[in-house]
Amino acid sequence: MPVNQTRSRARDRNNVLNRPEFMSLNQPLKSGGAEARGTARRPSQRQQQNQHQPGENAQNESPENNKEKKELPEEDCMQLNPSFKGIAMNSLLAIDICLSKRLGVCAYPTSSWGSVRSMVKLLALTGHGIPWIFGTILCLTRSNTLAGQEVLVNLLLALFLDVMTVAGMQKLVKRKGPWEMAHGFLDYLAMDIYSFPAAHASRAAMVSKFLLAHLVLAVPLRILLVLWAFLAGTSRVFLGHHHLTDVGCGFALGFLHYSLVEMVWLSSNTCQTLISIGTFNWSPLY
């Protein structure tokens with residue numbers, strides 16, 4: 001027995017785990033620590049079930065959640081390396097929106113210039129397409145000269161071209177104005193609902209250029225005509241219907257319409273034929 005005890009003591013002395021620095025390994029673990037280590041080492045029952053049943057989880061997921069994961073809105077995506085062109089365009093659009101909202105001084109009766117809102121609306125009405133079309137038709141029925149009828153028929157053609165082109169571009173772009181404004185009956189009739197391009201600016205530029213080119217006017221009248229075109233186009237910005245870029249593009253589009261009408265100018269004989277067809281006064285063909 002003494003020999004065995006001495007051997008066991010020597011074995012314990014030589015054991016590495018009996019050293020002071022390793023004594024903590026021989027102590028029994030506490031219940032909380034043991035449970036924590038056990039949970040850290042062993043996966044939970046929920047994880048085991050998810051690992052053993054991937055097919056059931058995939059089936060239980062609704063298709064709406066899958067669509068939300070797959071289809072993320074583009075507005076929420078961050079562009080880490082935007083291009084210089086994109087930064088410049090976004091900056092210009094932001095400046096355009098900010099300035100257009102600041103210039104909407106007659107957008108509502110409670111605005112800063114709300115007292116003159118009715119006068120600005122009347123000025124904008126002078127650039128509307130429907131009054132110009134009906135006014136040109138009325139003048140055409142009262143005209144007795146071939147030269148006057150020729151000018152009026154081509155003006156009517158330019159007005160129809162302007163209305164259809166602007167309405168098509170607005171329907172294609174579908175840009176909304178800087179302020180949420182209610183549209184009137186004439187706006188719906190002329191298909192002038194969206195913001196880009198500005199129909200009043202396009203029409204005012206085209207009509208003023210057309211009248212300056214084909215009517216003999218005094219210098220004060222010519223200045224007033226140019227001033228009217230500018231104010232009729234910008235009045236829609238004051239009313240909150242258009243941005244500044246919409247009005248600028250509208251002016252450019254109006255000059256383009258005038259150039260197209262000048263290129264396809266209808267002669268006097270063609271105008272007389274169109275007038276006879278429109279008034280049902282043509283002679284029957286045998």
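**Nonpolar patch**

I looked up which element gives the largest share of the nonpolar patch, and found that five residues come from H7. This is a predicted model, in which local features need pLDDT of at least 70 and side-chain atom pairs count only at pLDDT 80 or more, while totals for chains, interfaces and linings use all residues. Residues are numbered from 1 along each chain as its sequence is written, and side-chain values use heavy atoms, with hydrogens and water left out.

I noted the members of the patch as Met89, Leu92, Ile95, Leu99, Leu103 and Leu244, with an area of about 520 Å². Patches here consist of residues with over 30% relative accessible area and no salt bridge; like charges are joined within 9 Å and nonpolar side chains (Val, Leu, Ile, Met, Phe, Trp, Tyr) within 5 Å. Accessible areas come from the Shrake-Rupley method with a 1.4 Å probe, and for residues only the protein chains shown count as cover. Helices (H or I, at least four residues) and strands (E, at least two) are DSSP runs, numbered from the N terminus.

I then checked Leu92, which lies in helix H7. Leu92 counts as exposed because its relative accessibility is 56%; exposed means over 50% relative accessible area, buried under 20%, and partly exposed in between (1.4 Å probe, protein chains only).

**Salt bridges**

I took a salt bridge as a side-chain nitrogen of Lys or Arg within 4 Å of a carboxyl oxygen of Asp or Glu. By this rule the count is four.

I found Arg175 paired with Asp96, with the closest N and O atoms 3.1 Å apart. Arg175 lies in the loop between H10 and helix H11 (185-189) and Asp96 in helix H7 (residues 84-103), so this pair ties together parts 79 residues apart in sequence. Both Arg175 and Asp96 are buried.

I also found a salt bridge between the side chains of Arg203 and Asp162, at 3.3 Å from N to O. Arg203 belongs to helix H12 (residues 199-214) and Asp162 to helix H10, so the pair ties together parts 41 residues apart in sequence. Arg203 and Asp162 are both buried.

I next looked up Arg175 with Asp246, whose side chains meet in a salt bridge of 2.9 Å, N to O. Asp246 lies in helix H14 (residues 244-263), so its pairing with Arg175 ties together parts 71 residues apart in sequence. Asp246 is buried because its relative accessibility is 0%, and Arg175 is buried because its relative accessible area is 19%. I recorded Asp96, Arg175 and Asp246 as linked in a network of salt bridges.

**Nonpolar core**

I defined a nonpolar core as a set of buried Ala, Val, Leu, Ile, Met, Phe, Trp, Tyr and Cys residues joined through side-chain atoms within 4.5 Å. The largest has 19 residues, and those with the most contacts inside it are Leu159, Met206, Phe210 and Trp228. H10, H12, helix H13 (219-238) and H14 each give two or more residues to this core.

I listed the contacts (heavy atoms within 4.5 Å) of Met206: leaving out residues up to four places away in sequence, Met206 touches Ala158, Leu159, Asp162, Gly254, His257 and Tyr258.

**Ser143**

I located Ser143 in the loop between helix H9 (129-142) and helix H10 (146-173). Ser143 is buried because its relative accessible area is 16%. Beyond four places in sequence, Ser143 touches Gly148, Gln149 and Leu152.
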